[in-house]
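Try each task on your own before you read the solution.

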Amino acid sequence: MKAVRFHSHGGVDVLRYEDAPDPDLAPGEVLVRVRACALNHLDLWERRGLPHVPIPLPHISGSDVAGEVVAAAASQVPLGRRVMVQAGVSCGRCAACLAGRDNERPQYEVLGYRNHQGGYAEFVKVPVQNLVAIPDEVDFVQAAAFPLTFVTAWHMLVTKARVASGEDVLVLAAGSGVGQAAIQIARLHGARVIATAGSEEKLERARAMGASEVIHHHKQDIAEEIKRLTNKRGVDVVIEHVGEATWAKSVRSLARGGRLVTCGATTGAKGSLDLAALFSKQLSVLGSYMGRKSELLQAARYFFSGQLKPVIDRTFPLADAARAQQRLEESGQFGKIVLEV
Ligand SMILES: [Zn+2]
């Protein structure tokens, strides 16, 4: 099959469009003909190399896949079925999985990461339980753009922060995958959204998606603007994934009883916390990683009925994966960048 692989770590130039062996199916796995694969920041991290995470080389990235089932070493899987794929690979046997908290198991694995070859290829093998059937009217590009960011944002807002109707939610980086998903999920739950972005064009798009207020995070002070927009009260929920660059302002933006949920630290992992503010304002700081299969299925209902809609920034042919990753690296995108295979 054709695939995009890297044989050593480095810049986008290590990505090679080349022939690779077809995947071998183990019992319980299915082979998916990839039609679309969305990019995530994880793809960039593992291509550059992570100091404590060995990646067997050569490696194929790609955690967000949509396509058709073409072979199965499992029963009751109709060949030809159009599917999207849950990125989290769980065992289904440990205590966490059996409690439905499959994203909390100690060695949580992700399609396209470490030992799992991903969707930057014509074919990918996945455990049968990772398949989610998609209706005919949902196209592959949309379907590939959905699972990872929407399950992540759903877990953050609904499960961790328990967002409620009428609350104020601050969403950082509206143009990011998690940002655009969080705006929509917060609106779906009746919250008012205040979103940040780094350009006028992105702010305009955030408004069009349902953000009531927007903050230019290069030109305006996030915490000061939140004070002004909430009549000094602060927001009930902050959706963090930026890290060092915004952490202090995110904490300062919280109202009494506010919840800050973080799923990433793109600009660095150090952040401090004023413990006096933490207890006296009764704040909650919540870590969040990916999401559960059950949450993906819940979110998918709103996707299939048109109430949640992944925003597509741009598509690239598989052979142009390097250019696609470069666009993500330069933060030029609004929404998901998707490879068409
Ligand atoms: Zn398990």
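**Exercise 1. Sort the residues that line the largest pocket by class, then find what supplies them.**

Step 1: by class, the lining splits into 21 nonpolar, 21 polar and four charged residues. Here Ala, Val, Leu, Ile, Met, Phe, Trp, Tyr, Cys and Pro count as nonpolar, Asp, Glu, Lys and Arg as charged, and the others, Gly among them, as polar.

Before going on, a note on the model: it is predicted, so local features need pLDDT of at least 70 and side-chain atom pairs count only at pLDDT 80 or more, while totals for chains, interfaces and linings use all residues. Residues are numbered from 1 along each chain as its sequence is written, and side-chain values use heavy atoms, with hydrogens and water left out.

Step 2: the space in this largest pocket comes to about 1300 Å³. Of its 46 lining residues, His-41, Trp-45, His-241, Gly-264 and Thr-266 are the closest to the centre. A pocket is an open set of points on a 1 Å grid over the protein atoms alone, where a 1.4 Å probe fits, with protein on both sides within 12 Å along at least five of seven lines; lining residues have an atom within 4 Å of a point. Points are joined across faces, edges and corners, and the volume is the space filled by probe spheres set on them.

Step 3: α1 gives the most to this lining, five residues. Other elements that each supply at least two include α4 (147–160) and β11 (192–197). Helices (H or I, at least four residues) and strands (E, at least two) are DSSP runs, numbered from the N terminus.

**Exercise 2. Describe the zinc site.**

Step 1: the zinc ion is coordinated at 2.2 Å by the SG atoms of Cys-91, Cys-94 and Cys-97. Donors are N, O and S atoms within 2.8 Å of the metal (3.2 Å for Na, K and Ca); water is not among the atoms, so sites may look incomplete.

Step 2: along the sequence, the donor residues follow the spacing C-x2-C-x2-C.

Step 3: buried or exposed? Cys-97 is buried at 13% relative accessibility, whereas Cys-91 is partly exposed at 22%. The cut-offs are under 20% relative accessible area for buried, over 50% for exposed and in between for partly exposed (1.4 Å probe, protein chains only).

**Exercise 3. Which residues does Ser-253 touch, beyond its neighbours within four places in sequence?**

Step 1: list the contacts (heavy atoms within 4.5 Å). They are Leu-170, Ile-222, Ala-223, Ile-226, Gly-234 and Val-235.

Step 2: follow one partner. Leu-170 sits in strand β10 (residues 168–171) and is buried at 0% relative accessibility. Among the contacts of Leu-170 are Ile-194, Thr-196, Val-237 and Ile-239, besides Ser-253.
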